[in-house]
Amino acid sequence: MKNLKYLVIVLSLIFVIGCQNNDDLPPAFEDATWVTSIAPGNEYSILEGEHITFRDLSQNPLTHEFTIEEGNRYLQAPFDVGSESLQPFINRELGLINTDKDAHVLFLKPGINKVKLRNTFQDSIIYRGRDTIYPFKENGIWVIENEWEVDVFGKLKPAFKVLDKNGDEIISVTGDEEVEDPEGEIPSSWPVIDVEAGDGLTFVDLTTEDRPTSRSWSLPFSKLTGGASVADENLTANYFSLGKFTAGSMKSIRGDLLPAENVVKFIPLVINVIPSSQPFEIVSEIQIDSEGVISFTVSGEVAITNGSESDFTVNVQNPNTGFDQDIPVSSVTTNINDKTIIELKLAEAVYFDDEITLSYMGDIIESVDTRILNNIDTQSVVRLVTGESVVDPIWAGAESESMNNNGANANGYWVGNNNGTVDDPIFTRTTDMAFSGDASMRYSYADGAVDRNLQGWGIGPDNLFKGAVPAGSYYVSYMIYIEPGTTLKGFRTAVTQPWTLTSWNIENIPRGVWVEIGEEITLSSDSNQRFDLNVRPDLNSGVTGRQTFYLDDMKWRPINYRP
């Protein structure tokens, strides 16, 4: 009897539910959402010929469609993303509209391209993602749309021109022009330009398509001078070796977080280097390095030097000791890597405090195009301090980062709790500017000079670096970059043991470029504590306003004085 009662109740519920009006049922679930093959947070930037998949995950839309712009196409799945070209997978049956849930879009048009997803719903649906998208009503139904902007980077198209020494154009190659690989031979169809030995040609990058960030010139048998780099937009290359050869190539580069690409184009030009009609002469200052090798550059490649040793006069004077003698030249050679550089070795040692002059009178040194080197009137020899630094380069270049503003954010340094603020420190390691490596040490203060010590713990034994600096004399140098508008006159350094003060004058140092500065420092005993730097107000009277400079690559190189 009890079971019958339960059965009646169940049947009654079924009857009641079955008799309800369909209009009283809950509506079907509706939602708007989508995903793409670009990871969240990444830029919609791709190369021409690449694809992006768009997937509509919306629930129960009345209608749904993707729309692309003219010039782009839909792909038919499945397709091989590793194929050299995706064009064989184009869905030829589709135009600009696709009603599939997945849209595989092949982008063939450089520039900004738009892809639109349009869904309609019975009810008002709001998309809540990184951006909130609200629907609008159209012809009695609710519409929600999303539009993606895809930046498509086209093929790099290297373009350039070549100018002669007078600035006249020799050739100009557009981005659309194709140049075949000469494959080691000299094409008969390429123009030939005669260049006198020692003269140069200027190569100018004209590339605009599609958004290059740099370039690299490959110019065989040439020499770059005056600090020129193969990455320069305008590059002058000089030629010294006689002969005929192709000019080389230019590689156009796109990087800097953009879709990367490198494209090489050959320069359709033949260079014929002929003997020079100009004098064969010295074209640089005369330098001597720490090994006692004197060197200078001449205006052509050298062919003959043997027997010219006695044609040079090298006079050495030392005002501190009264030394005054001519020192014989023991050998005259050319640099192993550059035949335009003549190198002299002396029969006796010279010292850091010596004053050296050089002259030349002879007819033996000859260029490869049979010119005789002009005589050299007496010139001063500039000393270059070379050799290994005795302090650790990681510490000296502020390369080791710490996360402590009191320590100038660099391991091996300390300022204390008066080092400005975290947002505006006085001394700090920075990667905004560096001569080499990744970082440098920056001084920046809002109003001139401030009495703060940058303590350097890189020369003592109780640290992670090289340890104590031995007693002796050193040429201590920095690479310094002073911001334009900075009027600071100097700073002071101090070795704390043995106590040794040095003032550095930077008042007339060029602004806006990296420059080496140096001072002689003599330690009477091993230094096992600190090397501090202070931009003292008493050295910078009258200096106001924001003052900023960067220091990098400090070196301590041993020097010897004449006994």
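Me: Why does Arg118 count as partly exposed?
Reply: In this predicted model, Arg118 has 21% relative accessibility. Buried means under 20% and exposed over 50%, so Arg118 falls in between and counts as partly exposed.

Me: What makes Arg118 and Glu138 a salt bridge?
Reply: The closest N and O atoms of Arg118 and Glu138 are 2.4 Å apart. The cut-off is 4 Å, so the pair qualifies. Glu138 is also partly exposed, at 32% relative accessibility. The two residues belong to distant parts of the chain: Arg118 is in strand β8 (residues 111-121) and Glu138 in strand β11 (residues 136-138), 20 residues apart. Arg118 and Glu138 also belong to a network of salt bridges with Glu145.

Me: How do you know that Asp369 and Arg371 are buried?
Reply: Asp369 has a relative accessible area of 6%, and Arg371 has 11% relative accessibility. Buried means under 20%, so both residues count as buried. Their side chains meet in a salt bridge of 3.1 Å, N to O.

Me: Why is it said that Arg546 and Asp424 tie together separate parts of the chain?
Reply: The side chains of Arg546 and Asp424 meet in a salt bridge (3.1 Å, N to O). Arg546 lies in the loop between β42 (531-534) and β43 (547-559), and Asp424 in the loop between β34 and β35 (427-430), so the pair ties together parts that are 122 residues apart in sequence. Arg546 is partly exposed at 38%, and Asp424 is partly exposed at 31%.

Me: Why is the pair of Trp395 and Tyr413 called stacked?
Reply: The ring centres of Trp395 and Tyr413 are 5.5 Å apart, with 15° between the planes. Centres within 6.5 Å make a pair, and planes under 30 degrees apart count as stacked, so the pair of Trp395 and Tyr413 is stacked. Trp395 and Tyr413 are both buried.

Me: What makes the pair of Tyr239 and Phe245 tilted?
Reply: The angle between the planes of Tyr239 and Phe245 is 35°. Stacked needs under 30 degrees and edge-to-face over 60, so this pair is tilted. The distance is 5.9 Å centre to centre, which is within the 6.5 Å cut-off. Tyr239 is buried at 0% relative accessibility, and Phe245 is buried at 8%.

Me: How do you know that the charged end of Arg211 sits over the ring of Phe153?
Reply: The charged end of Arg211 is 3.6 Å from the centre of the Phe153 ring. The distance cut-off is 6 Å, so Arg211 meets the distance condition. Arg562 likewise lies over the face of Phe323, at 3.9 Å from the ring centre.

Conventions. Residues numbered from 1 in each chain as written. Predicted model: local features only at pLDDT ≥ 70, side-chain atom pairs only at ≥ 80, totals over all residues. Heavy atoms only, no water. Phe/Tyr/Trp six-rings, centres within 6.5 Å; stacked < 30°, edge-to-face > 60°. Buried < 20%, exposed > 50% of the residue type's maximum accessible area, 1.4 Å probe, protein only. Lys NZ or Arg CZ within 6 Å of the ring centre and 35° of its normal. Helix = DSSP H or I, 4+ residues; strand = E, 2+ residues; numbered from the N terminus.
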